[in-house]
Amino acid sequence: MKNKPELLAPAGDLERLKIAILYGADAVYLGGPMFGLRANANNFSLEEIKEGVLFAHEKKKKVYVTVNIVMHNKELEALEEYLKHLKECQVDAIIISDPAIISVAHKVGLEVHLSTQQSTLNYEAVKLWKSLGVTRVVMAREASEHDISDIKKHVDIELECFIHGAMCASYSGRCVLSNFLTARDSNRGGCSQICRWDFDLYGNNEKLEGEKPFTFCTKDLSMLKVLPKMIELGIDSFKIEGRMRSIYYIATIVSVYRKVIDSYYEDKEHYQYQERYERILTNCANRESTVQFFDGSYGVEAQYYNGRIELSNQDFLGVIQDYDKKTGYATVEERNYFKLGDKVDIFGPEEETFTFEITEILNEENNKIEVVNHPLQIVKVKVPKEVTKLSMMRKNI
Ligand code: SF4
């Protein structure tokens with residue numbers, strides 16, 4: 001069987017970095033203070049990168065830093081100094097898009113991965129990047145199974161592929177909709193997600209009344225159904241999208257893919273796809289998903305042409321802060337309303353998911369209460385099994 005692929009998760013901040021690693025990621029990627037996309041994310045300071053790398057390396061996990069904007073001449077001067085700082089932080093690799101960065105990264109001793117922003121889809125391009133010293137190529141999200149297997153046959157290099165998260169309506173790194181309509185540069189971290197906006201439809205300069213607004217928003221990507229095929233292709237790293245996502249999202253998506261990859265490797269012959277995992281993933285993102293370009297059947301069902309109603313998801317009920325073995329109470333920080341009688345799941349870094357009905361809740365004064373409805377309220381919930389800190393409580397799925 002092929003080597004187990006790396007499970008690579010996004011880390012929007014230190015808390016999410018730790019959650020991703022505790023829930024089973026083999027590596028995380030993050031944005032530093034300079035030259036990364038996601039200008040609106042709370043990017044890491046150099047001090048935080050150092051702390052995150054220490055945490056990850058103690059657990060034998062890796063940290064990659066995005067340095068993947070399209071660069072202008074004036075930015076080149078500050079580049080070497082910044083990369084030296086990343087080297088001092090002992091990051092495991094940087095993810096670049098602009099070839100100008102490669103030689104400077106090598107000069108300071110950093111390993112270089114090529115970002116999906118380069119939209120790489122063929123083996124000649126991969127050979128070129130390899131000859132320039134890139135050790136891993138993050139494939140374009142538009143890559144099909146055939147594209148990936150062809151590249152694997154022709155070039156000996158690590159390939160990283162997206163397995164879950166949002167898609168762009170355009171090739172990554174090629175979209176300028178945001179620049180034109182909002183003067184925010186998507187290739188320098190400012191995307192205002194124009195493809196998700198609603199547009200009125202016009203014919204002969206007249207607004208078409210009665211027509212639903214048009215959007216060219218794609219559905220999300222989920223490779224759960226084809227994960228065994230992806231493993232057998234020999235893909236080296238499975239990447240989850242979403243540095244702006246919540247700790248609940250990260251914990252849920254990482255733990256599901258961790259379980260699926262591990263169970264495939266434990267017993268390939270008897271591995272079975274589980275609908276329940278698909279349900280958990282769909283509920284968490286609150287959007288539909290498809291395998292997009294992977295199986296070559298990309299079509300209208302991969303798009304939301306007429307917009308979609310954004311329903312807020314209130315599955316995430318709380319984070320476990322502590323557990324008292326003597327009393328069987330878990331201390332829970334509330335994230336969404338719950339009450340006595342609710343059927344809930346707890347899943348965590350160290351325990352199998354289990355389901356129970358809430359029979360007892362105590363407030364901070366140890367008085368019994370029936371409902372928890374204050375944001376971040378700290379309560380005690382009687383649980384039937386020992387739970388670990390940072391486990392998550394959600395509505396039963
Ligand atoms: S506007 Fe949409 S397609 Fe363009 S970069 Fe942003 S998310 Fe991607």
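Q: Into which domains is the protein chain divided?
A: Domain bounds come from an automatic or database domain assignment, and here the chain is divided into domain 1 (6-171 + 219-304) and domain 2 (316-395). This is a predicted model, in which local features need pLDDT of at least 70 and side-chain atom pairs count only at pLDDT 80 or more, while totals for chains, interfaces and linings use all residues. Residues are numbered from 1 along each chain as its sequence is written, and side-chain values use heavy atoms, with hydrogens and water left out.

Q: How much area do domain 1 and domain 2 bury between them?
A: The size of an interface is often given as the accessible area lost when the parts come together. With a 1.4 Å probe and the loss summed over both parts, domain 1 and domain 2 bury about 1000 Å², 67% of it on carbon and sulfur atoms. On the side of domain 1, Leu-22, Tyr-23 and Tyr-248 lose the most area to domain 2, together 51% of what that side buries.

Q: How many residues of each domain are in contact?
A: Counting heavy atoms within 4.5 Å as contact, 11 residues of domain 1 meet 12 residues of domain 2, although the centres of the two domains, taken over C-alpha atoms, are separated by 33 Å.

Q: How many salt bridges does the rule find across the interface?
A: A salt bridge requires a side-chain nitrogen of Lys or Arg within 4 Å of a carboxyl oxygen of Asp or Glu, and the rule finds one across the interface of domain 1 and domain 2. In the structure as a whole there are 26 salt bridges.

Q: Which elements give two or more residues to the side of domain 1 that touches domain 2?
A: Taking helices as DSSP runs of H or I with at least four residues, numbered from the N terminus, they are helix 1 (14-22), helix 9 (247-266) and helix 10 (275-285). Helix 9 provides the largest share of that side, six residues.

How values were computed: Buried area = accessible area lost by both parts, 1.4 Å probe.
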